[in-house]
Amino acid sequence: MAPLLTMSGITKSFPGVRALDGVDLDVEPGEVHCLLGQNGAGKSTLIKVLSGAHQPDGGEITWQGEPVRLPTPVSAMRLGIATIYQELDLVEHVSVTENVFLGHEVASRGVIRPREARARTAELLARLGHPEIDPGTLISRLSAAGAQIVSMARALSHDVRMIIMDEPSAALDPDEVDNLFRIVRDLTADGVAVVYISHRLEEIRRIGDRVSVLKDGRVAARDLPARTTPTDEVVALMTGRDTQHAFPERSARDAAGPSVLRVEGLARAGEFAPLDLEVRPGEIVGLAGLVGSGRSEILETIYGARRPSAGRVLVDDRPVRPGDIPAAVRAGIGLAPEERKSQALLMLESVTRNVSVSSLPRFSRGGWLDRVRERDRARARTRELALAPDEPERQVSTFSGGNQQKVVLARWLLRECRVLLLDEPTRGVDVGARAELYAVIRRLADSGVCVLLVSSEVPEVLGLADRVLVLREGAVVHRAPSRELDEHRVLDLVMEGGPA
Amino acid sequence: MTPPTSVAPEAETPSAAKQGPAGRRIRIDVRHLSLLGVLLALVVVGAITKPDEFLATDNFRLILTQASVIGVVTVGVTFVIIGGGIDLSVGAIVALASVWATTVATQEYGLAGMLLCSLLVGLGCGLVNGLLIAYGPMVPFIATLAMLASARGLALQISDGKTQVVTVQSVLDLGVPDSYVLGVPPIVLVFLGVGVLGWLVLNRTTFGRRTVAVGGNPEASRLAGIAVKRQRLLLYLLSGLCCGIAAFLLIILTGSGQNTNGNLYELDAIAAAIIGGTLLSGGRGTILGSVLGVLVFTTITNLFALNNLQTDVQQIAKGAIIVAAVLVQKGRFTP
């Protein structure tokens with residue numbers, strides 16, 4: 001059969017990162033083509049190129065035998081390529097119908113024809129197995145699964161030939177997953193191609209036809225039969241050793257002394273199950289899990305950014321007031337959040353001011369700042385972390401990702417925090433700068449700080465942490481010293497939940 | 001490191017002098033200079049069109065006096081905007097405070113009673129704004145719009161639409177030439193004091209630093225351990241306090257209290273802050289810029305009045321200046 005879509009030699013670079021390095025992909029009409037790969041392997045970038053959201057630097061795209069360009073999302077849609085993103089892109093406060101026909105309203109001469117639009121929406125919803133959704137309901141009233149259905153109805157409202165689904169089952173219950181698969185089968189029976197992205201291998205075995213594995217921006221394998229390829233083989237293709245992870249030596253002495261951070265039965269209803277956890281000075285504890293496994297929520301709850309539904313957090317045996325960030329900071333807890341730019345940094349401000357922001361009372365008397373002391377102390381910290389360039393008055397937005405992360409770490413160094421919570425510390429950091437950041441984190445731990453680390457990159461957790469907790473759907477499924485684990489084992493636990 | 005093309009004005013120490021691309025500070029200075037340039041150009045225009053009237057000492061005194069009331073309000077509004085908010089209620093709060101402080105009952109307590117009343121009314125309105133916005137939470141635009149309506153209504157109710165004449169001599173004395181210090185009216189001295197204090201608070205205190213942080217990135221500020229809600233509340237209290245001060249200055253200036261006082265002050269104050277370089281989205285702004293912005297607007301009003309041009313022409317000119325100033329800033333701000 002002639003392929004519907006062929007991509008060959010697609011490259012795409014972002015500052016400091018080669019996201020796609022010569023990717024080939026072909027999709028046939030009526031097949032479910034699964035894309036697998038770890039976080040950062042290039043899946044999202046590839047989807048965005050396909051949907052016209054990103055422009056490739058090189059390579060060719062052929063659609064039904066004709067070379068095409070996809071300069072905008074609209075041009076992809078015109079060809080019949082629809083994308084359902086992981087984070088749904090619906091307008092909250094308008095109705096289902098309006099969302100389905102957003103941008104291509106059912107109208108004659110600019111005047112909306114509400115009845116016809118409504119009828120067509122109802123028809124699409126029925127086809128998707130959800131006739132109970134009222135086309136007039138607001139999106140904000142729907143469940144996550146309902147919103148997903150609307151997203152799909154929107155895709156189908158176009159004359160669609162290929163649908164890209166990015167982790168469509170992430171927000172769904174098992175029943176809803178069955179319905180999703182029924183829809184996928186209906187679509188493929190009509191000759192529509194589905195590009196299916198998921199971390200759940202068992203789903204891929206149920207629904208997929210062929211599998212392509214991406215790793216570090218390249219195709220590690222293609223044309224694997226989805227139903228018969230063993231899990232081991234897939235995992236091996238997704239992992240494998242690479243050069244970007246150069247981890248510092250663990251300190252020779254074991255972490256000693258009493259735990260500084262103690263978490264007792266901490267839970268948040270609907271997000272994560274009761275968790276017990278201790279971290280001793282000098283120790284790095286890693287939390288491994290997929291997006292949505294509750295790992296970021298755990299860090300944020302310990303930090304007081306979310307209020308726990310049960311349990312407590314103790315620092316030096318003293319309970320920390322729940323849901324109160326300033327109290328957590330006073331107790332000696334610091335957080336380097338996942339989204340550096342939006343959650344950690346004051347982008348318009350200088351490095352000094354970003355470093356000192358959590359320690360202002362230390363440089364002030366009666367509210368008046370001693371700016372010389374502020375500058376000197378902040379600078380001493382950024383020098384310790386070898387911030388480059390060493391220009392503390394420079395606006396923080398002009399620094400690279402790795403150096404911005406050092407600014408965040410310097411903030412907590414200056415605060416002399418005892419417990420450091422790191423959420424994806426190397427996200428958006430150049431490959432070369434990662435090793436440096438790893439060394440910094442290790443040094444911080446060696447100086448007596450308790451570090452709790454979250455990362456989607458399993459090698460990072462294993463290489464950096466002394467102990468690892470594996471999370472799946474909000475619960476700890478395994479705990480072990482990291483030297484007793486390997487990447488395969490952790491990935492198995494993370495994706496399948498059971499022992500390999 | 002490449003050699004710096006220009007040195008930051010704050011470069012006192014050798015280590016600071018090396019911090020070449022401290023472009024932010026230089027840019028802000030350029031903007032202040034350009035506002036000074038506009039001011040100077042206006043003076044030149046005045047000197048050419050009406051040399052006798054415009055250049056008189058009395059006229060400069062008049063300009064500064066007129067700038068003082070709106071100037072004090074603008075300092076408060078500037079803090080609120082830098083902190084990521086907006087305050088539409090300032091004009092109405094000025095009206096309410098001026099009316100409340102000049103009722104017959106209040107006037108019985110003399111100067112101190114009237115001043116205290118004015119400040120407390122300002123703080124009270126600021127407290128309501130702040131509580132609604134920080135803990136409601138309500139959008140600042142809506143909360144202060146509601147305050148605008150209610151405060152004006154209350155001012156009308158209290159005064160019954162009548163001008164309340166001040167009979168307390170010690171208050172009236174503050175407006176006459178005898179009270180001038182070295183030729184400067186007390187009203188202007190208050191404006192100067194508020195301006196200097198505002199600059200110090202913004203640049204030299206933890207409160208100022210937190211204001212900038214909360215306005216620039218509220219989520220990052222929260223996660224850095226700043227009590228964002230309390231900061232927001234304090235900002236609206238500060239703005240209310242400035243309105244209370246301005247109301248008292250207005251009482252001195254006009255010898256009365258009226259429910260129509262402070263009409264459209266909110267727009268004038270926001271406009272002055274914006275042309276002074278304050279980002280409407282928060283996180284950046286200066287007190288000096290806002291003060292210069294106020295002076296530019298007041299001087300234009302003065303020039304137009306001297307040349308017998310109608311208010312409508314003034315309004316058009318103001319609008320054009322706001323657009324021009326923002327367009328110039330856009331060019332500078334692109335990173």
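Helices (H or I, at least four residues) and strands (E, at least two) are DSSP runs, numbered from the N terminus. By that rule, chain B has 16 helices and two strands. This is a predicted model, in which local features need pLDDT of at least 70, side-chain atom pairs count only at pLDDT 80 or more, and totals for chains, interfaces and linings use all residues. Residues are numbered from 1 along each chain as its sequence is written, while chains are lettered from A and ligands numbered from 1 in the order in which they are written.

**Burial and contacts**
- Of the 335 residues in chain B, 47% are buried (20 or more other C-beta atoms within 10 Å of the residue's own, with C-beta atoms placed from the backbone).
- For contacts in chain B (C-beta atoms, placed from the backbone, within 7 Å) between residues at least 6 apart in sequence, 76% join residues at least 24 apart.

**Annotated spans**
- An unreviewed UniProt entry gives "transmembrane region" for several spans of chain B, including 111-132 and 287-306; such annotations may be inferred rather than shown by experiment.
- Residues 111-132 of chain B are 100% helix and 0% strand, with end C-alpha atoms 32 Å apart.
- Residues 287-306 of chain B are 100% helix and 0% strand, with end C-alpha atoms 29 Å apart.

**Helix pair H4(B) and H13(B)**
- H4 (residues 57-82) and H13 (residues 228-254) of chain B pack at about 175°, axes 8 Å apart; axes are lines fitted to C-alpha atoms over the stretch in contact, and angles run from 0 to 180 degrees between N-to-C directions.
- H4(B) and H13(B) are therefore roughly antiparallel (angles over 145 degrees).

Terms used:
Buried ≥ 20, exposed ≤ 12 C-beta atoms within 10 Å, placed from the backbone. Contact = placed C-beta atoms within 7 Å. Parallel < 35°, antiparallel > 145°, perpendicular 65-115°, else oblique.
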